[in-house]
Amino acid sequence: MNVTFDWNEWFFILTTAMMICLFLPIRKYFPTIMVIIIWIGNIGWVSTIDYFLLATPFKLYIYGDNPTYELSGALYHLFMYPCASVLFLFGYDKFELYGQKTVWYILFWTGFSLLFEWICVKNNALTYTGWKLYYSIPFYPITAVLLILLFRFIKKKLREISFQRNPRY
């Protein structure tokens, strides 16, 4: 593994730290088990998509400025993306953005995610080797819908478990 420590590593560290600071105050909004499931599910989903697009034969982009895997890129997989997912779900649930509001909320986050991806490219946190920014447009809403579906499923199962433990007749 060829490691150099320059601006893009600082960018990974700073943006991840900022996201963790946003995550910490809201983490107690959800049951711990829900946060853990969302965290693990997010790591699995993002890692699968990223490694598929990063690996042979595609090699469409790399994290950082080095074709080998950089540890700073792992910060995003392990912390940035899961924290962002919990933040996304917090807004969705706390402000009851259901129905048509969900569509607007997903569109807002898609726009924000595209902007953030562009900022990552400008700061060499992502280096495109075949990818184009507009290729990401369908991925963000699909991911948001899958995340909402996972959230609803977990919420429903937690209610069922709670009801089974404390049935009210």
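Modeller: Before we start, the bend at a residue is the angle between axes fitted to the seven residues ending there and the seven starting there. This is a predicted model, where local features need pLDDT of at least 70, side-chain atom pairs count only at pLDDT 80 or more, and totals for chains, interfaces and linings use all residues. Residues are numbered from 1 along each chain as its sequence is written, and side-chain values use heavy atoms, with hydrogens and water left out.

Colleague: Thanks! Where does H3 bend?

Modeller: At Met80, by about 30°, and a proline, Pro82, follows within four residues. Helices here are DSSP runs of H or I with at least four residues, strands are E runs of at least two, and both are numbered from the N terminus.

Colleague: What should the 24 residues of H3 span?

Modeller: The expected span is 1.5 Å times one less than the number of residues. For residues 71-94 that gives 34 Å, and the end C-alpha atoms are 34 Å apart, so the two agree.

Colleague: And how many residues of H3 are buried?

Modeller: 17 of the 24, so H3 is mostly covered, where buried means under 20% relative accessible area, exposed over 50% and partly exposed in between (1.4 Å probe, protein chains only).

Colleague: What comes just after H3?

Modeller: Glu96, with a positive phi of about 50°.

Colleague: New topic: is Thr56 buried or exposed?

Modeller: Thr56 is exposed, because its relative accessible area is 61%. Thr56 sits in the loop between helix H2 (32-54) and strand E1 (61-63).

Colleague: How far apart are Thr56 and Lys155 in space?

Modeller: They are 38 Å apart, C-alpha to C-alpha, and 99 residues apart in sequence.
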